[in-house]
Amino acid sequence: MKVYKIEATQYINAPIEECWDFFSSPKNLQTITLDNMSFEIQDFDGKRMYPGQVITYTLKPLLGIKINWMTIIAVSRENEYFVDEQRFGPYALWHHKHFFEATETGTKMTDIVHYALPFGFLGIIANYFMVKNKLKAIFDYRRNKIEELFNLKV
């Protein structure tokens, strides 16, 4: 199984507590997800993020095909980091680490995603032609949305 890695860092002009408050709330996932992916949370307990929390949602990541996805919050330390892992969904592996670090001007947020696709060689081809580009578009949108929400405030 071929494992891929995405790493992204963004500086946010907001205190770490404000960043944590936003990113640790699953209900804000929809805000930072591309509209054309039709992201909808199906079930979560409405609580702030905690280890063991289960979140289920549907989305249409490629070709308008609706999929079900279940993630679990594997670990979480307030104002520092959390890790979400796919339990059911389109990937053979999805492990997404979110780190928050206070800076003089706000917060440094770093995402590290390890992912793998099913179907062996066909998954490698799908990643090369579609998946990596879609993930890049998702992270680019997210970066721009975070800029709009936090860094372009007057």
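In strand E4, leucine 59 finds its bridge partner in isoleucine 67. The model is a predicted one, so to speak of a local feature takes a pLDDT of at least 70 and side-chain atom pairs count only at pLDDT 80 or more, while totals for chains, interfaces and linings use all residues. Residues are numbered from 1 along each chain as its sequence is written, and side-chain values use heavy atoms, with hydrogens and water left out.

That pair belongs to the link between E3 and E4, an antiparallel couple held by 6 bridges (two strands pair if DSSP finds at least two bridges between them). Next along, E4 and E5 also run antiparallel, with 7 bridges, and here threonine 71 sits opposite glutamine 86 in E5.

Stepping back, the protein chain has 2 helices and 7 strands, where helices (H or I, at least four residues) and strands (E, at least two) are DSSP runs numbered from the N terminus. Along the sequence they follow the pattern β-α-β-β-β-β-β-β-α. The 7 strands build an open, antiparallel sheet in the order E1-E7-E6-E5-E4-E3-E2. Strands E1 (3-12) and E2 (40-43) are at the edges with a single partner strand each, so one side of each has no neighbour in the sheet. From one strand to the next, the twist averages 25 degrees.

Contact here means heavy atoms within 4.5 Å; axes are lines fitted to C-alpha atoms, for helices over the stretch in contact, and angles run from 0 to 180 degrees between N-to-C directions. Helix H2 (residues 120-151) packs on the sheet too, touching E1, E6 and E7, at about 10 degrees to the direction of E1.

The largest pocket has a volume of about 900 Å³. A pocket is an open set of points on a 1 Å grid over the protein atoms alone, where a 1.4 Å probe fits, with protein on both sides within 12 Å along at least five of seven lines; lining residues have an atom within 4 Å of a point. The volume is the space filled by probe spheres set on the points, which are joined across faces, edges and corners. Of the 41 lining residues, Leu59, Trp69, Tyr91, Trp94 and Ile138 are the closest to the centre. H2 gives the largest share of the lining, 9 residues. By class, the lining has 31 nonpolar, 7 polar and 3 charged residues, with Ala, Val, Leu, Ile, Met, Phe, Trp, Tyr, Cys and Pro counted as nonpolar, Asp, Glu, Lys and Arg as charged, and the others, Gly among them, as polar.
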